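Hi everyone, thanks for making time for this. I'd like to walk you through one structure today, a few places at a time. Have a look at it first, and then we'll start.

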Amino acid sequence: MHYSLLVRCLAEFIGTAVMVALGNGSVANVELKGTKGFHGGWVLIGFGYGIGVMIPAMMFATVSGAQINPAMTLALAATGNFPWSEVLPYIIAQLLGAIVGQLLIVLAYKPYYDETTNPESILGTFATIDAANSWVNGFINEFIGTFLLVLGALCITADKVDSRADFIGLGFLVMCLVVSFGGPTGPALNPARDLGPRLLHAIWPFKFKGSSQFNYSWVPVMAPIVGAVAAAVLYQGVF
């Protein structure tokens, strides 16, 4: 069935909101003081983000493709597999979905945001931060992570045999990328997942609010786009 652009954008909006809510929700559960999962560890976050990507993929892959990532949308367009005329509507839907997904986390975890005194722990539940305070290190890690994500996603979903198995594999891929490459930056692997929540952080009146670190924000936007396009070009050129 072919869905209208409006319905597909709605699917991208909801799918991105679900991904951010589940993914960053796991970060909030680990980072915010007083939660049941406080200091639960990085594996818990990896699991949350892996499942957080798998669920909306299962929900909306047959509707919009469940791209839920501007880097993936741009990579598909750059290789002729998605119309450029629909890129901007998709990206707007993804960005707004990321903001709404993050808003759900803020509302659900409000008492624990009020208890948390470390501004970077609060920001970490919204957006990425390079642990080495290095744009170069952050760019390299986001590039590698997104390159592997997009290349893996394209290869995993190419056979068209059993989409449910594909989505499970995709979830494990994201989980592994967060666990393996998440130490330096977070990671974002997705411009909307970082920029949308970062914008919300900038305007929300937290008790112990710190900087939104917009001086770094271009890295988790540009590096995933470059990594995704490189992976899509490689996949199309070789396979």
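Let's begin at Leu-76, which, setting aside neighbours within four places in sequence, is in contact with Gln-67, Asn-81, Phe-82 and Leu-154. Please keep in mind throughout that this is a predicted model. Leu-76 sits in helix α3. Is Leu-76 buried or exposed? Its relative accessibility is 16%, and under 20% is called buried, so Leu-76 counts as buried. For a sense of distance, take Met-58: Leu-76 and Met-58 are 18 residues apart in sequence, and their C-alpha atoms are 19 Å apart in space.

Now let's move to a pair of helices. Two packed helices are described by the angle between their axes and the distance between those axes. Here the pair is helix α7, residues 135-156, and helix α8, residues 163-185. They pack at an angle of about 170°, with their axes 10 Å apart. Angles over 145 degrees count as roughly antiparallel, and therefore that is how α7 and α8 run relative to each other.

Who makes that contact? On the α7 side, the residues include Asn-141, Ile-144, Leu-148, Leu-149 and Ile-156. On the α8 side, they include Leu-170, Leu-173, Val-174, Leu-177 and Phe-181. By type, the residues of this contact divide into 11 nonpolar, seven polar and two charged.

Asn-141 lies in helix α7, and Asn-141 is buried because its relative accessible area is 11%. Not counting residues up to four places away in sequence, Asn-141 touches Phe-181, Pro-184 and Thr-185.

Which residues touch the most other members of the largest nonpolar core? In that core of 42 residues, the answer is Leu-149 and Leu-170. At least two residues of this core come from each of α1, α2, α3, α4, α7, α8 and α10. If you click on Leu-149 and ignore neighbours within four places in sequence, you'll find contacts with Asn-69, Leu-170, Leu-173, Val-174, Leu-177 and Leu-189. There is another core apart from this one, of 13 residues, among them Ile-105, Tyr-113, Ile-122 and Ala-127.

Tyr-113 leads us on to the rings. How many aromatic pairs does the structure hold? There are nine aromatic pairs. One of them is Tyr-113 with Phe-206, a tilted pair at 5.0 Å centre to centre and 40° between the planes. Tyr-113 is in helix α5, whereas Phe-206 is in the loop between α9 and α10, so the pair ties together parts that are 93 residues apart in sequence. Tyr-113 counts as buried because its relative accessibility is 1%, and Phe-206 is buried as well, with a relative accessible area of 10%. Ring pairs also bring in Phe-126, linking Tyr-113, Phe-126 and Phe-206 into a cluster.

A second pair is Tyr-235 with Phe-239, also tilted, at 5.7 Å centre to centre and 35° between the planes. Phe-239 has a relative accessible area of 65%, so Phe-239 is exposed.

Next, a quick stop in helix α2, where we find Ile-55. Its relative accessibility is 29%, so Ile-55 counts as partly exposed. Leaving out residues up to four places away in sequence, Ile-55 touches Val-18 and Leu-22.

Last, some backbone details. Most residues other than glycine have a negative phi, and most peptide bonds are trans. What is the peptide bond from Gly-186 to Pro-187? That bond is cis, with omega near -15°, and Pro-187 lies in the loop between α8 and α9.

Then there are two residues with a positive phi. His-39, in the loop between α1 and α2, has a phi near 60°. Ala-66, in the loop between α2 and α3, has a phi of about 45°. His-39 is exposed, with a relative accessible area of 64%, whereas Ala-66 is buried, at 13%.

That's my tour, and I'm happy to go back to any part of it.

Key: Residues numbered from 1 in each chain as written. Predicted model: local features only at pLDDT ≥ 70, side-chain atom pairs only at ≥ 80, totals over all residues. Heavy atoms only, no water. Axes fitted to C-alpha atoms, helices over the stretch in contact; angles between N-to-C directions. Helix = DSSP H or I, 4+ residues; strand = E, 2+ residues; numbered from the N terminus. Parallel < 35°, antiparallel > 145°, perpendicular 65-115°, else oblique. Contact = heavy atoms within 4.5 Å. Nonpolar A, V, L, I, M, F, W, Y, C, P; charged D, E, K, R; others polar. Phe/Tyr/Trp six-rings, centres within 6.5 Å; stacked < 30°, edge-to-face > 60°. Buried < 20%, exposed > 50% of the residue type's maximum accessible area, 1.4 Å probe, protein only. Core = buried A, V, L, I, M, F, W, Y, C linked by side-chain atoms within 4.5 Å.
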